[in-house]
Amino acid sequence: MNTQLENKQLQARLLEEKVSSRSESLVMVANKIQKLEGYYDNLSEEIKQLSLKLPVQSRNEELKPLKLSLMHIAQEQKELLELGTLSTQINQDFFFYIEKNYPKLTKEDKNLLAMLIIDLSSKQIADFLHISPDSVFKKRYRLRKKLNILNETSFSDFYKEIVKLNTNSQ
């Protein structure tokens, strides 16, 4: 009887930790999206004000770089939302396992790991994080060390192995 009660208490604590972890991830993604939306709105307003001050014949030429910046921000916002949705829906158990077994990983490490397990290229990651591809290479190398992943093992294979372990243990 005591064993069953202890098991139920452990399962309840595990569920609470999962919910807490997922909530933190969702809050982080929501905050980033909110920052982007604020920046996007401010930039849009500045463009409107600037366009009123410019002569009609030079508006398009003067505003073209700003419009391109807005398009870039909108694309990044979309990618961030997709990444957040993907990581919270598909990888919840995986990231719970990672947090439990690798507590020294930073949020940045987990973010990089999420990008690596969906096979984003170094260039895509570099563009997304606004760093150089060499920096991505160094971060990837350090993450391999932290997770004890051999060079022959891809991050996708590591992910599949962990998911398989979690599936078999449940």
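The legends below accompany close-up views of a predicted model.

**Figure 1. Confidence along the predicted chain, from helix α1 to helix α6**. The mean pLDDT of the chain is 78, and 78% of its residues score at least 70. Helix α1, covering residues 2-53, has the lowest confidence, with a mean of 70. At the other end of the scale is helix α6 (residues 133-147), where confidence is highest, at 95. A friendly word of caution for anyone zooming in: where pLDDT is low, the predicted coordinates should not be read in detail.

**Figure 2. Tyr102 and its contacts**. Tyr102 sits in the loop that joins α3 (92-101) to α4 (107-117). Leaving aside residues up to four places away in sequence, Tyr102 touches Tyr97, Lys146, Leu147 and Phe158. Take Leu147 as an example: 45 residues separate it from Tyr102 in sequence, yet their C-alpha atoms are 7.3 Å apart in space.

**Figure 3. The salt bridge between Glu99 and Lys110**. Here is one of the three salt bridges in the structure. The side chains of Glu99 and Lys110 meet with an N to O distance of 3.7 Å. This pair links distant parts of the chain, with Glu99 in helix α3 and Lys110 in helix α4, eleven residues apart. Lys110, in contrast, is buried, its relative accessible area being 19%.

**Figure 4. The salt bridge between Asp109 and Lys146**. Which atoms should you look at in this view? Look for the closest N and O atoms of Asp109 and Lys146, which lie 2.6 Å apart. Asp109 is buried, with 11% relative accessible area. Lys146 is partly exposed, at 39%.

**Figure 5. The salt bridge between Asp127 and Lys123**. In this view, the side chains of Asp127 and Lys123 come together at 3.3 Å, N to O. Asp127 is partly exposed, at 46% relative accessibility. Lys123 reaches 54% and therefore counts as exposed, the cut-off being over 50%.

**Figure 6. Positive phi at His130 and Asn148**. The phi of His130 is near 60°, a positive value in a residue other than glycine. His130 lies in the loop between α5 and α6, and it is exposed, with a relative accessible area of 56%. Asn148 is not a glycine either, and its phi is positive too, at about 55°. Where does Asn148 lie? Look in the loop between α6 and α7 (155-169). At 63% relative accessibility, Asn148 counts as exposed.

How values were computed. Residues numbered from 1 in each chain as written. Predicted model: local features only at pLDDT ≥ 70, side-chain atom pairs only at ≥ 80, totals over all residues. Heavy atoms only, no water. pLDDT = per-residue confidence, 0-100. Helix = DSSP H or I, 4+ residues; strand = E, 2+ residues; numbered from the N terminus. Contact = heavy atoms within 4.5 Å. Salt bridge = Lys/Arg side-chain N within 4 Å of Asp/Glu carboxyl O. Buried < 20%, exposed > 50% of the residue type's maximum accessible area, 1.4 Å probe, protein only.
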